[in-house]
Amino acid sequence: MRLFLSMGAFALALGLALVAQTPRSTEQNLIDDLAIANRILSSDELGVLRVYGHVSARSQRNRERFYIARSIAPAFVTPGDVIEHDLEGKAVAGTRADQNEERFIDAAIYKTRPDVMAVVHTHSPELIAFSVSSVGLASGGGTAPVYDIRKFNKGRPGEITTPELGRTLAEALGRGTGILLHGHGAVVVSTSVPVAISAANSLRRAALLQTQMTAMGGAINPNPREYPEGRVRPAGPATTPANASSGGTLDTRNNAGDRAWDHWKRIGSRMIQTSGIKNSSRPADALEALKLDLAIASRVLSSAGLGIMDTAGHVSVRHPKNPNRYFISRAISPGSVTPADLIENDLDSNAVGAPRDDEYLEVHIHGQIYKARPDVMAVIHAHTPELVAFGQSSVKLRPVSNGGAFIADGLPLWAIGRFDPTQTIVTTPELGQSLAQTIGKKAGALLTGHGIALTDSSLYGLVNRVYDFRVNAMIQQQAILLGGSINYLEGADTETPPAPVVPTGTGGGLGSARFWEYWRQQVSLDR
Ligand SMILES: [Zn+2]
Ligand SMILES: [Zn+2]
């Protein structure tokens with residue numbers, strides 16, 4: 001409710017600023033612009049930020065300070081979420097538990113680069129593909145540099161969560177305007193918030209363009225002011241176009257200026273009115289709340305945003321008090337599940353109480369995994385095309401992003417024909433058991449020609465993990481498409497996974513909780 005009110009207040013403030021031109025301090029305008037910039041970059045139109053990433057701005061009042069939102073999805077940021085930091089990354093008003101973990105990127109850059117007034121950090125898959133490829137991303141007449149955290153982090157991948165790592169990134173950036181982060185994303189710096197949006201948008205678009213041209217085959221024309229090689233020049237006198245662009249993708253000049261900012265602000269204000277108000281009440285009873293979250297998870301995983309399930313597939317959660325039980329929907333489309341559709345099963349996948357004739361045929365995937373793996377609290381089975389591709393191709397799925405690090409040296413393949421030539425899906429406890437044995441201690445398996453089974457230590461972590469799983473597959477496909485060699489995430493995973501994160505309410509939290517808070521607001525529980 002607090003989130004809803006604060007966003008209403010923000011919309012009102014914005015409306016006042018636009019309509020009445022109420023005078024406001026330059027500093028407050030900067031904070032307002034920063035909040036809306038987070039939303040703009042999270043829009044479908046720009047697609048630069050999503051659940052992860054951020055934009056920050058240097059204070060105009062005190063150059064030794066900068067503003068960055070607390071750790072929430074950038075699509076939800078309001079001016080009230082913006083925290084003032086010093087150039088060591090310390091919150092000026094005192095340490096808080098919800099400070100952005102990656103603020104050391106910004107702190108180090110503002111410290112070493114007096115010309116920089118705004119920083120964008122993105123986890124855009126299109127840019128991650130270039131970060132792991134030997135093929136350079138053409139940008140500003142050269143190629144974008146790549147920062148590899150493993151050189152400074154004892155060989156391990158990860159995020160920039162300390163001042164020391166921030167300093168190594170700022171050094172790698174040097175005087176540049178942008179840098180790719182291996183298996184992680186990119187950082188773009190600029191002279192103002194609007195120009196930073198433009199530069200980040202241009203960099204992502206450059207990655208899309210180069211990927212598309214590579215997919216088409218043929219040679220890529222290095223000089224956009226001239227005809228591509230082999231293309232017939234039209235008859236008539238040679239002319240030079242009046243506004244030929246330099247083709248530089250890290251160009252921070254933004255001659256379109258206010259026109260672009262006006263357009264983007266409209267996108268940002270629209271998002272304020274449409275997001276963040278759904279599913280705001282949760283049952284007080286913990287078990288009922290979990291069942292509601294399972295129904296929401298089922299819908300979220302079927303949404304266009306995640307694209308994990310379509311009309312098939314199912315997600316389940318173990319009973320938090322009774323490890324010999326789990327909850328799963330009756331056999332309906334995952335996108336229409338409500339708490340009333342949930343069935344409580346024992347680990348042999350028999351419904352508790354009266355027998356049911358409306359269970360999913362593949363319910364044994366869940367029961368047998370819970371039986372074999374006491375640490376697993378949630379399971380999903382889905383037919384996600386990007387992942388099926390890796391289960392059916394000789395190309396092995398490998399980690400190319402921080403989120404996919406759990407794949408480590410690969411997930412096992414399970415081919416049903418080896419266990420029961422008469423079956424195509426997991427319809428018996430024996431088949432479920434064989435799949436669970438194949439998974440062993442890994443996070444999941446690829447079912448050849450069919451789909452995935454993936455586990456996690458919490459429902460919320462599972463939603464996060466399966467999203468990262470699909471995005472990792474997409475990034476690997478794009479990186480393969482670029483040709484060249486791929487620098488996979490070595491030294492990934494193998495450590496104990498972090499403790500399960502449980503959301504505390506609307507609008508806040510870290511890690512998978514932030515992720516959950518974002519996605520759960522994208523769906524409604526209407527039939
Ligand atoms: Zn990051
Ligand atoms: Zn299936």
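I began at Glu362, which is buried because its relative accessible area is 7%, under the 20% limit. The model is a predicted one.

**Zinc ion (ligand 2)**

I looked up what holds this ion. Its protein donors are Glu362 (OE), Glu362 (OE), His381 (NE2), His383 (NE2) and His450 (NE2). They lie 2.0 to 2.5 Å from the zinc ion (ligand 2). I then read the donor residues along the sequence and noted the spacing E-x18-H-x1-H-x66-H. Next I placed two of these donors. Glu362 is in the loop between β12 (342-346) and α9 (364-372), and His383 is in the loop between β13 (378-382) and α10, so the pair ties together parts 21 residues apart in sequence. At a relative accessible area of 27%, His383 is partly exposed.

**Zinc ion (ligand 1)**

Which protein atoms are the donors of the zinc ion (ligand 1)? I found Glu102 (OE), Glu102 (OE), His121 (NE2), His123 (NE2) and His184 (NE2). The distances run from 2.0 to 2.4 Å. Along the chain the donors follow E-x18-H-x1-H-x60-H. I located Glu102 in the loop between β3 (82-86) and α3 (103-112), and His123 in the loop between β4 (118-122) and α4 (125-131); the pair therefore ties together parts that are 21 residues apart in sequence. Are Glu102 and His123 buried or exposed? I noted both Glu102 and His123 as buried.

**His85**

I turned to His85, in strand β3. His85 counts as buried because its relative accessibility is 0%. I looked for a polar partner of the side chain. A polar atom of the His85 side chain lies 3.2 Å from the backbone oxygen of Ile83. Setting aside neighbours within four places in sequence, I listed the contacts of His85: Glu64, Arg65, Phe66, Ile68, Lys90, Ala91, Val92, Gln99 and Arg103.

**Helices α10 and α12**

I finished with a helix pair. The axes of α10 (residues 385-392) and α12 (residues 459-481) come within 8 Å and cross at roughly 65°. I recorded the crossing of α10 and α12 as left-handed. From α10, the contact is made by Glu386, Leu387, Ala389 and Phe390. From α12, Phe469, Arg470, Ala473, Met474, Gln476 and Gln477 take part. How many nonpolar, polar and charged residues does the contact of α10 with α12 have? I counted 6 nonpolar, 2 polar and 2 charged residues.

Notes. Residues are numbered from 1 along each chain as its sequence is written. Chains are lettered from A and ligands numbered from 1 in the order in which they are written. This is a predicted model: local features need pLDDT of at least 70, side-chain atom pairs count only at pLDDT 80 or more; totals for chains, interfaces and linings use all residues. Side-chain values use heavy atoms; hydrogens and water are left out. Donors are N, O and S atoms within 2.8 Å of the metal (3.2 Å for Na, K and Ca); water is not among the atoms, so sites may look incomplete. Helices (H or I, at least four residues) and strands (E, at least two) are DSSP runs, numbered from the N terminus. Buried means under 20% relative accessible area, exposed over 50%, partly exposed in between (1.4 Å probe, protein chains only). Axes are lines fitted to C-alpha atoms, for helices over the stretch in contact, and angles run from 0 to 180 degrees between N-to-C directions. A crossing is left-handed if the near helix is turned anticlockwise from the far one by less than a right angle, and right-handed if clockwise. Contact means heavy atoms within 4.5 Å. Ala, Val, Leu, Ile, Met, Phe, Trp, Tyr, Cys and Pro count as nonpolar, Asp, Glu, Lys and Arg as charged, and the others, Gly among them, as polar. A polar contact is a pair of N or O atoms within 3.5 Å; within protein, one must be able to donate a hydrogen and the other to accept it, and residues adjacent in sequence count only if both atoms are side-chain atoms.
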